[in-house]
Amino acid sequence: MSKLRAIIIKKTLAHIKKEQLPDGSFLSTSIPVSKNISHDIRYKTTFFTSNILLCLNALSKNIGLLSIAEKKDLKTIRSKAIEFLLKQKGDDWSFNYWAKGTREQSSMPYPNDLDDTFAALSSIILYDPDLINGQALAGIVQLLISQETHKEGGPFKTWINPNNSAITWQNVDIAVNS
(Lines give C-alpha, C1' and ligand atoms only; values in the text may rest on other atoms or scores of the structure.)
Protein backbone atom coordinates (compact mmCIF):
# COMPACT_ATOMS: atom_id res chain seq x y z
CA MET A 1 0.00 0.00 0.00
CA SER A 2 1.27 3.45 -0.81
CA LYS A 3 2.27 5.69 2.07
CA LEU A 4 -0.24 8.31 0.93
CA ARG A 5 -3.08 5.79 0.94
CA ALA A 6 -2.13 4.66 4.44
CA ILE A 7 -2.16 8.27 5.68
CA ILE A 8 -5.54 8.93 4.07
CA ILE A 9 -7.08 5.82 5.63
CA LYS A 10 -5.63 6.64 9.05
CA LYS A 11 -6.84 10.26 9.01
CA THR A 12 -10.25 9.33 7.61
CA LEU A 13 -10.87 6.67 10.25
CA ALA A 14 -9.77 9.07 12.98
CA HIS A 15 -12.19 11.71 11.69
CA ILE A 16 -15.08 9.25 11.38
CA LYS A 17 -14.42 7.96 14.90
CA LYS A 18 -14.42 11.53 16.24
CA GLU A 19 -17.69 12.40 14.46
CA GLN A 20 -19.64 9.30 15.44
CA LEU A 21 -22.18 10.00 18.16
CA PRO A 22 -22.38 7.74 21.23
CA ASP A 23 -25.50 6.01 19.82
CA GLY A 24 -23.57 5.04 16.66
CA SER A 25 -25.15 7.61 14.35
CA PHE A 26 -23.63 10.44 12.36
CA LEU A 27 -25.04 13.91 11.82
CA SER A 28 -25.79 15.18 8.34
CA THR A 29 -25.27 18.81 7.42
CA SER A 30 -27.58 20.98 5.35
CA ILE A 31 -26.68 24.40 4.09
CA PRO A 32 -29.55 26.86 3.61
CA VAL A 33 -30.24 28.44 0.24
CA SER A 34 -28.09 31.42 1.24
CA LYS A 35 -25.11 29.05 0.91
CA ASN A 36 -23.52 30.68 3.93
CA ILE A 37 -21.67 27.72 5.39
CA SER A 38 -21.57 29.39 8.80
CA HIS A 39 -25.35 28.80 8.99
CA ASP A 40 -25.26 25.08 8.41
CA ILE A 41 -27.90 22.91 10.05
CA ARG A 42 -27.07 19.49 11.50
CA TYR A 43 -29.58 16.65 11.63
CA LYS A 44 -29.48 13.10 12.90
CA THR A 45 -30.56 10.92 10.00
CA THR A 46 -30.34 7.26 9.06
CA PHE A 47 -29.09 8.14 5.57
CA PHE A 48 -25.63 9.37 6.54
CA THR A 49 -25.04 6.51 8.94
CA SER A 50 -26.10 4.00 6.27
CA ASN A 51 -23.78 5.46 3.67
CA ILE A 52 -20.81 5.76 6.02
CA LEU A 53 -21.32 2.14 7.06
CA LEU A 54 -21.50 1.11 3.39
CA CYS A 55 -18.09 2.68 2.80
CA LEU A 56 -16.62 1.18 5.95
CA ASN A 57 -17.95 -2.25 4.97
CA ALA A 58 -15.91 -1.95 1.77
CA LEU A 59 -12.84 -0.96 3.77
CA SER A 60 -13.32 -3.95 6.06
CA LYS A 61 -12.79 -6.21 3.02
CA ASN A 62 -9.26 -4.77 2.80
CA ILE A 63 -8.47 -5.20 6.48
CA GLY A 64 -4.88 -6.17 5.70
CA LEU A 65 -4.25 -2.55 4.82
CA LEU A 66 -4.91 -1.43 8.39
CA SER A 67 -2.85 -1.27 11.55
CA ILE A 68 -4.05 -3.13 14.66
CA ALA A 69 -5.41 0.13 16.14
CA GLU A 70 -7.20 1.00 12.89
CA LYS A 71 -8.75 -2.49 12.74
CA LYS A 72 -10.05 -2.01 16.28
CA ASP A 73 -11.44 1.45 15.46
CA LEU A 74 -13.07 0.16 12.28
CA LYS A 75 -14.71 -2.72 14.15
CA THR A 76 -15.99 -0.37 16.88
CA ILE A 77 -17.33 2.24 14.46
CA ARG A 78 -19.09 -0.37 12.35
CA SER A 79 -20.64 -2.20 15.30
CA LYS A 80 -21.96 1.05 16.80
CA ALA A 81 -23.39 2.11 13.41
CA ILE A 82 -25.14 -1.22 12.88
CA GLU A 83 -26.64 -1.08 16.38
CA PHE A 84 -28.01 2.38 15.62
CA LEU A 85 -29.48 1.31 12.27
CA LEU A 86 -31.13 -1.83 13.65
CA LYS A 87 -32.89 0.33 16.25
CA GLN A 88 -34.20 2.56 13.44
CA LYS A 89 -35.92 -0.11 11.34
CA GLY A 90 -39.66 -0.35 11.21
CA ASP A 91 -41.54 -3.60 11.76
CA ASP A 92 -41.66 -3.98 7.98
CA TRP A 93 -37.88 -3.35 7.70
CA SER A 94 -38.45 0.13 6.26
CA PHE A 95 -36.47 3.16 7.37
CA ASN A 96 -37.13 6.86 7.70
CA TYR A 97 -34.77 9.68 6.85
CA TRP A 98 -35.08 11.12 10.35
CA ALA A 99 -33.69 9.17 13.27
CA LYS A 100 -36.33 8.02 15.75
CA GLY A 101 -36.94 10.42 18.60
CA THR A 102 -35.48 13.50 16.91
CA ARG A 103 -37.17 16.87 16.92
CA GLU A 104 -37.31 16.77 13.10
CA GLN A 105 -39.25 13.52 13.15
CA SER A 106 -42.06 15.48 14.85
CA SER A 107 -41.63 18.91 13.28
CA MET A 108 -40.95 17.77 9.69
CA PRO A 109 -42.51 14.31 9.50
CA TYR A 110 -41.81 12.20 6.41
CA PRO A 111 -43.12 8.75 5.67
CA ASN A 112 -40.54 6.00 5.54
CA ASP A 113 -39.04 5.81 2.05
CA LEU A 114 -37.27 3.46 -0.32
CA ASP A 115 -34.01 5.37 -0.66
CA ASP A 116 -33.32 5.42 3.09
CA THR A 117 -34.65 1.88 3.41
CA PHE A 118 -32.40 0.37 0.78
CA ALA A 119 -29.36 2.38 1.82
CA ALA A 120 -29.81 0.98 5.33
CA LEU A 121 -30.58 -2.54 4.13
CA SER A 122 -27.53 -2.55 1.85
CA SER A 123 -25.27 -1.50 4.70
CA ILE A 124 -26.82 -4.07 7.04
CA ILE A 125 -26.51 -7.01 4.67
CA LEU A 126 -22.94 -6.09 3.75
CA TYR A 127 -22.12 -5.84 7.45
CA ASP A 128 -23.59 -9.26 8.23
CA PRO A 129 -25.94 -11.11 5.86
CA ASP A 130 -27.28 -13.18 8.77
CA LEU A 131 -28.95 -10.08 10.23
CA ILE A 132 -31.60 -10.33 7.52
CA ASN A 133 -33.23 -13.74 7.78
CA GLY A 134 -35.74 -15.32 5.39
CA GLN A 135 -38.76 -13.84 7.16
CA ALA A 136 -37.22 -10.35 7.01
CA LEU A 137 -36.29 -10.82 3.35
CA ALA A 138 -39.86 -11.88 2.52
CA GLY A 139 -41.16 -8.74 4.24
CA ILE A 140 -38.67 -6.56 2.37
CA VAL A 141 -39.74 -8.04 -0.97
CA GLN A 142 -43.42 -7.44 -0.06
CA LEU A 143 -42.54 -3.86 0.85
CA LEU A 144 -40.88 -3.33 -2.52
CA ILE A 145 -43.78 -4.92 -4.40
CA SER A 146 -46.20 -2.62 -2.56
CA GLN A 147 -44.34 0.38 -4.00
CA GLU A 148 -44.66 -0.64 -7.67
CA THR A 149 -46.51 2.00 -9.64
CA HIS A 150 -47.55 0.78 -13.05
CA LYS A 151 -46.28 -2.71 -13.62
CA GLU A 152 -44.32 -5.53 -12.07
CA GLY A 153 -40.73 -4.47 -11.56
CA GLY A 154 -41.37 -0.76 -11.19
CA PRO A 155 -40.89 2.04 -11.31
CA PHE A 156 -41.31 2.32 -7.57
CA LYS A 157 -42.78 5.11 -5.45
CA THR A 158 -40.34 6.91 -3.18
CA TRP A 159 -42.51 7.22 -0.08
CA ILE A 160 -43.90 4.18 1.73
CA ASN A 161 -47.55 4.90 2.38
CA PRO A 162 -51.02 3.79 1.29
CA ASN A 163 -51.91 4.31 -2.37
CA ASN A 164 -54.69 6.70 -1.33
CA SER A 165 -52.21 9.10 0.34
CA ALA A 166 -51.91 12.70 -0.82
CA ILE A 167 -50.36 13.16 -4.25
CA THR A 168 -47.34 14.80 -2.55
CA TRP A 169 -46.34 11.37 -1.26
CA GLN A 170 -46.91 9.45 -4.52
CA ASN A 171 -43.86 10.58 -6.50
CA VAL A 172 -41.45 8.36 -8.40
CA ASP A 173 -37.85 9.53 -8.04
CA ILE A 174 -35.21 8.51 -10.57
CA ALA A 175 -32.53 8.36 -7.83
CA VAL A 176 -34.66 6.02 -5.72
CA ASN A 177 -35.27 3.77 -8.71
CA SER A 178 -31.63 3.67 -9.75
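Residues count as partly exposed when their relative accessible area falls between the buried limit of under 20% and the exposed limit of over 50%, and the legends below describe a predicted model.

**View 1. A nonpolar surface patch that includes Val141.** Val141, which is found in helix α6, has a relative accessible area of 40% and is therefore partly exposed. Together with Leu137 and Ile145, Val141 makes a nonpolar surface patch of about 240 Å².

**View 2. The largest nonpolar core, with Trp93 among its members.** This core holds 14 residues, of which Trp93, Leu121, Ile124 and Ile132 touch the most other members. Two or more residues come from each of α3 (68-88), α5 (114-127) and α6 (134-146), and α3 gives the most, with four residues. When neighbours within four places in sequence are left aside, Trp93 is in contact with Leu86, Thr117, Leu121, Ile124, Leu131, Ile132, Ala136 and Ile140. A second, separate core has nine residues, including Ile16, Leu56, Leu59 and Leu74.

**View 3. An aromatic cluster that contains Trp159 and Trp169.** Trp159 counts as buried at 15% relative accessibility, whereas Trp169, with a relative accessible area of 24%, is partly exposed.

Key:
Residues are numbered from 1 along each chain as its sequence is written. This is a predicted model: local features need pLDDT of at least 70, side-chain atom pairs count only at pLDDT 80 or more; totals for chains, interfaces and linings use all residues. Side-chain values use heavy atoms; hydrogens and water are left out. A nonpolar core is a set of buried Ala, Val, Leu, Ile, Met, Phe, Trp, Tyr and Cys residues joined through side-chain atoms within 4.5 Å. Buried means under 20% relative accessible area, exposed over 50%, partly exposed in between (1.4 Å probe, protein chains only). Contact means heavy atoms within 4.5 Å. Patches are made of residues with over 30% relative accessible area and no salt bridge: like charges are joined within 9 Å, nonpolar side chains (Val, Leu, Ile, Met, Phe, Trp, Tyr) within 5 Å. Accessible areas come from the Shrake-Rupley method with a 1.4 Å probe; for residues, only the protein chains shown count as cover. A salt bridge is a side-chain nitrogen of Lys or Arg within 4 Å of a carboxyl oxygen of Asp or Glu. Rings of Phe, Tyr and Trp (its six-membered ring) pair if their centres lie within 6.5 Å; planes under 30 degrees apart count as stacked, over 60 as edge-to-face and the rest as tilted.
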